[in-house]
Amino acid sequence: MKPLFSKTILLTIALVAMTGFSVIAQRVIKGTVYREGEPAAGVTVEAHKSSDSYMTSFDGKYEIEVSEKTKYLEFTFIDDRRKLDIETNPSNVIDFSFDGEIPAKGAGADAAGGLDLRTMEELVKAKDRDFMANLSMYDQFYKQDDYKSAMAPWEKVYYKYPKSTLNLYIHGANMYDAFINKENDWSKKDALIDSLMSVYNRRIKYFNQEGYVLGRKGTDYLKYKLDNENLTDDELKSILKEGYGYLEEAIKLEQEQTEAAVLVVFMQATKRLFLMGEFPKDKVASNYQTSSEIINNYLKEEPNSEKYTTSKELVDRLFQTSGAADCEALIALYEPQFETISQDSEELKKMLRILERQDCTDSQLFAQGSDKLYQLDPSAEAAFNMARLFVKRDQFERAKEYYNNAIEAETDKELLSKYYYELGSFVFAKENNFQRSRDLARKAIQNNPSSGRAYILLGDIYAYYSKNYGESDLEHQSLYWLATDYYQKAKRVDPEVFGTANEKINLYKQYFPDKESLFFEGYQEGQTFKIGSWINETTKVRAK
């Protein structure tokens, strides 16, 4: 295909210049475009600050006219678009490759692509001066962290001797990482990210390790591309899908050897794509299962590894907060595996904790798991799960028995607080034993002073008991004062119950005595009021 500028137009420009009119200096650039080491036909070539464009011929050739204001050429093949800076390159013959692989010519080149595919041992043995000089030069600059000086000799080795040493790709990735982190201009940063991705692609081509390298490529791609705060929703989705694709393929290839960091980023991408409507719930659950199993295998070999423990916590949290971990999805995930899970107490505990967090304790799966766990390991946690199971079955005496077993066996104060609170709620709701439930709520608070739920329970006990306390209306109403005291404490110690506490305060304020009633009873607002009987507390007089 010919350039859009015709010979007639070019002749006219030349004549205008000759007649003394001022025109912008023109420059014609020629070259060959490559993809995967081969000339690429059908690539659109466009010049910055110009309406001129060109489509490469069957042999990858292009020719385009640019002005002195042109900073770069843009090469587009389908949806792959790349920029090439020409401001600092005065040559009028510029080749370009989408993957950085411009075939070399001359001695040492292979017949297929013009590259020298000898190993470092072979090159050194042959005393290849070009290779050894550039390798030594880049290596010295690299060791001094002078990456800017290292790049030119590194590129000569990288492009011409791609199979010489794996360090080319390790060092290249490290240098591009450093350049990307320092660059603030997003157009330049984006070009550097593309170069880093090309390093990973070329490493796979010449040194294989595809699964491992794809994992590194995917994590870096998402880390750097998502750092752009100006992405549109479509751009964000496109980046997530591309990065996810690299990670998914990496896990398929590496399987149990997949790096823990890859699994964490894989779950991060999974969660975000689910929230954007790209994945169904079962896809999220399946990816979680895959990631979790691989990390658990690592932990069996290194149970004290901080890296794997932290990775497990992150993967678990990503799944649990994804919005996909509802009861339906969890049951669909765990039911087919229950026979295997039920042989391992730790796996059973993990399943039951997840079901509990998502409020799936009514399920048959939770009941079966609780029963099996208590058989395998009659621990405090197992007893607590059994107590909940019997509550659901309305077997209250058995439930109390297991709650008490859990309390007796537990040493963790936060868990002990939880057990006391649930037993107190049970005794209050099922037996109307106000004093016993009050005592249990107090023990919950002793073990965890930040238990807002326990303070709410105390308020509910007193508010409900109000009709039973004293004989006068004022005595009945005094328990609403005490109840609101505990609701106020609840929202101070625990932000999670703030809304519930305020609702209850507003509800029971309606039942405070009015000012006229207080006057006739001989009380003033703010005065201390003693409540007797088994309650034995003081509060403040208030009017509605």
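First, a caveat: the model is predicted.

Start with the fold. The protein chain has 23 helices and 10 strands. Now the dimensions. Along the principal axes, the C-alpha trace spans about 115 × 60 × 40 Å.

Next, packing. Of the 544 residues, 46% are buried. Take the contacts with a separation of 6 or more: 57% of them join residues 24 or more positions apart.

The chain exposes about 29,000 Å². Carbon and sulfur atoms supply 48% of that area. For charges, we have 72 positive and 88 negative. Their mean positions sit 3 Å apart.

Now the aromatics. The count is 37 aromatic pairs. Let's look at one of them, Tyr 480 with Tyr 511. How are these two rings arranged? Their centres are 5.4 Å apart and their planes make 35 degrees, so the pair is tilted; stacked would need under 30 degrees, and edge-to-face over 60.

Where do the two residues lie? Tyr 480 is in helix H21, residues 473-493. Tyr 511 is in the loop between helix H22 (498-509) and helix H23 (515-521). So the pair ties together parts that are 31 residues apart in sequence.

Buried or exposed? Tyr 480 has 15% relative accessibility, so it counts as buried. Tyr 511, at 40%, counts as partly exposed.

Last item: a cluster. Phe 428, Phe 434, Tyr 455, Tyr 462, Tyr 464, Tyr 465, Tyr 486 and Trp 534 form one aromatic cluster.

Definitions and conventions
Residues are numbered from 1 along each chain as its sequence is written. This is a predicted model: local features need pLDDT of at least 70, side-chain atom pairs count only at pLDDT 80 or more; totals for chains, interfaces and linings use all residues. Side-chain values use heavy atoms; hydrogens and water are left out. Helices (H or I, at least four residues) and strands (E, at least two) are DSSP runs, numbered from the N terminus. Buried means under 20% relative accessible area, exposed over 50%, partly exposed in between (1.4 Å probe, protein chains only). Contact means heavy atoms within 4.5 Å. Accessible areas come from the Shrake-Rupley method with a 1.4 Å probe; for residues, only the protein chains shown count as cover. Lys and Arg count as positive and Asp and Glu as negative; His and the chain ends are not counted. The place of a charge is taken as NZ of Lys, CZ of Arg, CG of Asp or CD of Glu. Rings of Phe, Tyr and Trp (its six-membered ring) pair if their centres lie within 6.5 Å; planes under 30 degrees apart count as stacked, over 60 as edge-to-face and the rest as tilted.
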